[in-house]
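Please look over the sequence and the model shown here before reading on.

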Amino acid sequence: MLIKTRDFGELDISENEVISFPNGVYAFEEDKRFVLISPGGENKYPMWLQSLDNENLCFIVFDPKEFISGYTVTLDDETKEILGVTKTGEIDYLVMAVVPDDYLNSTVNLKGPIVVNSDNRTAVQVIAPENYPIKFPAFKKEET
């Protein structure tokens, strides 16, 4: 299927690449279908989470484990039901980035991750009960 994007023009994607957000994402609840776009190169991240319902809506996302090893979120039963989760291996996490003019000051929101069931391509944005920061510096790795 052909989609229009803000940053990449028209792209041809497969139906099985679509990620369904039954509740949308915070502040954009009406947008229910997204696709992950990777600009290529050696690094998988960052990726762009592009709305299929609004070509101007796109988020830059990262794997939170790029910043904090062992990142995980405790999910409540309602979220597990929406996602159709039966085992933890199905779960992937994405965190949204805020990129200011000086990109070196970019941050990622570790407190409000997107949880994706990789088996059925369903996702929910949650507020993590764990004590993660909302603005974690994207260019500062976890200290050991």
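What share of the 144 residues in the chain is buried? Buried residues, meaning those under 20% relative accessible area with a 1.4 Å probe and protein chains only, make up 42% of the chain. This is a predicted model, in which local features need pLDDT of at least 70 and side-chain atom pairs count only at pLDDT 80 or more, while totals for chains, interfaces and linings use all residues. Residues are numbered from 1 along each chain as its sequence is written, and side-chain values use heavy atoms, with hydrogens and water left out.

The chain holds one helix and 11 strands, which are DSSP runs numbered from the N terminus (H or I of at least four residues for helices, E of at least two for strands). Along the sequence they are arranged as β-β-β-β-β-β-α-β-β-β-β-β. The radius of gyration, taken over C-alpha atoms, is 15 Å, close to the 15 Å that the globule rule gives for 144 residues, so the chain is as compact as a globular protein of that length; that rule is 2.2 Å times the number of residues to the power 0.38.

Leaving aside residues up to four places away in sequence, F59 touches V25, F28, F34, M47, W48, L49 and M96, where a contact means heavy atoms within 4.5 Å.

Conventions: Buried means under 20% relative accessible area, exposed over 50%, partly exposed in between (1.4 Å probe, protein chains only).
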